[in-house]
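Me: I'd like to learn how to read the features of a protein model, one at a time. Could you walk me through this one, with the general idea before each case?

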Amino acid sequence: MTTAAIIVAAGRGTRAGGDVPKQWQLLAGRPVLAHTIDAFRGHVDRIVLVIHPDDRPRAAGFDLHMVSGGATRAESVRNALTALEGTGVTRVLIHDGARPLVPVPVIAEVLKALDQSVGAAPALPVTDALWRGGAQVEGTANRDGLWRAQTPQGFRFDAILAAHRAHPGHAADDVEVARWAGHSVAIVPGDEDNLKLTFAADFARAEAILKGRGMDIRLGNGFDVHAFTEGDGCWLCGVKVPHGRALLGHSDADVGMHALTDAIYGALAEGDIGVHFPPSDPQWKGAASHIFLRHAMDRVAARGYRLANCDVTLICERPKVGPHQAAMRAALAGIMGVDASRISVKATTSERLGFTGREEGIAALATCALVRA
Ligand code: MG
C-alpha cells in the first residue's frame, strides 16, 4: 500500500492580512506550509504540493514534488491526482495547506478507516447552538447530526481520481466529490488544534498551540570505523593530524566527520551517508567528507531545525588528539555554519584492548541534538 498526501496551497487568500497568501505567512518563524508539510513527513510515502505558479520561488527550499494549481480548488486537486496516476499510489490524503497543526492521531485515524471505507475524513460535532439571521436572530437550527469538516480527507486513489474526473464542478470539498460518485465516507475524530488559518487571530491561536506542544527536540547518534594504511597523517574532524599512518577509505576517510554526519542524518531519520552518497556511485569516489557534512546540515535547515549541539568522541591510542581539539572544533564550525561552542570533540583510548588498542584503526562516536529553528 502506497500513500500520498496532496497539500493544496494554491489559494491567494489574504484575509489574514498582508500581501502574502496566508499559507506563506510566518507562523512561529516559518511559513505556514513548512509546518503543514512537516506534519505529513514520515506518515505518508510521498507528498505532492499544489501551489500557484507565482509561488514557485517561495517553494524552492521544500524539495518536494510540486504541481501547479488550477482556477478552482477542485481543479488543483485534479492536477495533483493526475500527477500521481500510474505511480503505484493506492491511497491519498488531501489536505488544506492552511491547516498546519494537524495532529498525528488525526492522520492515523483517517488512514486506519481507509482499510474499511473508500473515503474517510475527520470532523468535530457541532456543540454550539445554531442560529439563523442577519443583525438579529431570526430562528434556531437543530445541530443534531451536524459536523464541522476538517482535512486530511482520505480516499482510495483510483476511486477519487475517477470521481474528480467525472464531477461537474463546484464541490465544497473532496468528500462531496466522493459522495457524488456514490462512495461512502467514514467520519473519524477531528481535533480542535487542526484549525484552518484564515484570519489574523487564527495565527495567534496557532502560535499558542505550538508553544503548548513544547520543544521539538531530535537526537541522533553515529558510529564509524576506518582502518589504518600507509601514509603520513590522518584526517580527523577536518584537520590533517600528522601521524606515521593514514586512514583507509575511498574518500579522505575522516572517521570523526563521518560519525557526526551520520548522527545528523539519524536525528532527521533520513538514513546515513551511504544513502545520500552511495559508495557505488563513481561521482562520490574520493569526495571530501565536508561535502557530506554540509549536505546533512542543509537537510537540517530544509526540515526547519537547527543544531543545538554535537559531541564527537574519537577512540584511538594514537595519534594524540588533544593538541588538535580546538582546530577540529573550528574546522567543523566552519563547515557546519554554527558557533564552535556548540561543537565538542574529545578522545579516549580503549586501554590497548581490541582493534583500536592494537592500533589497527580509529573508531568514532557522535551524538547531536536538533531543535526547531
Ligand atoms: Mg566512514
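Reply: Gladly, and let's begin with pockets. A pocket here is an open set of grid points with protein on both sides within 12 Å along at least five of seven lines, and its lining residues have an atom within 4 Å of a point. Keep in mind that the model is predicted.

Me: Which residues lie nearest the centre of the largest pocket, and how many line it?

Reply: Rolling a probe the size of a water molecule over the atoms shows where empty space is left. In this model the largest pocket has a lining of 30 residues, and D38, L210, D216, Y305 and R372 are the ones nearest its centre. Two or more lining residues come from each of α1, α6 (200–212), β17 (305–315) and β19 (361–372). The space inside amounts to about 840 Å³.

Me: Are D224 and H258 buried or exposed?

Reply: The cut-off for buried is under 20% relative accessible area. D224 counts as buried because its relative accessibility is 17%. H258 is buried too, with a relative accessible area of 8%.

Me: How do I read a helix with a buried side? Which residues of α3 are buried?

Reply: An α-helix has 3.6 residues a turn, so residues three or four places apart point the same way. In helix α3 (residues 104–113), the buried residues are V106, I107, V110, L111 and A113. These residues lie on the same side of α3 because they cover an arc of only 165 degrees around the axis. P105 and K112 are exposed, on the face turned away from the buried side.

Me: What do the buried residues of α3 pack against?

Reply: Their packing partners are β1 (3–9), α1 (32–40), β6 (91–96), β7 (119–125), β11 (153–156) and β12 (185–189).

Me: And loops? Where does F277 lie, for example?

Reply: With a loop residue, look at its accessibility and then at its contacts. F277 lies in the loop between α8 (273–276) and α9 (289–302). It counts as buried because its relative accessibility is 7%. Leaving aside residues up to four places away in sequence, F277 touches Y265, W284, I291, F292 and H295.

Me: Which residues does E359 touch, not counting residues up to four places away in sequence?

Reply: E359 touches F228, R245, E317, R318 and R352 on that count. This residue sits in the loop between α11 (354–357) and β19, and E359 is buried, with a relative accessible area of 12%.

Me: Finally, how many helices and strands does the protein have?

Reply: There are 11 helices and 19 strands. Of the 373 residues, 47% count as buried. Among contacts between residues at least 6 apart in sequence, 69% join residues at least 24 apart.

Methods. Residues numbered from 1 in each chain as written. Predicted model: local features only at pLDDT ≥ 70, side-chain atom pairs only at ≥ 80, totals over all residues. Heavy atoms only, no water. Buried < 20%, exposed > 50% of the residue type's maximum accessible area, 1.4 Å probe, protein only. Helix = DSSP H or I, 4+ residues; strand = E, 2+ residues; numbered from the N terminus. Arc of directions from axis to C-beta. Contact = heavy atoms within 4.5 Å. 1 Å grid on protein atoms, 1.4 Å probe; cavity = no way out; pocket = protein on both sides within 12 Å on 5 of 7 lines; lining within 4 Å. Points joined across faces, edges and corners; volume = space filled by probe spheres on them.
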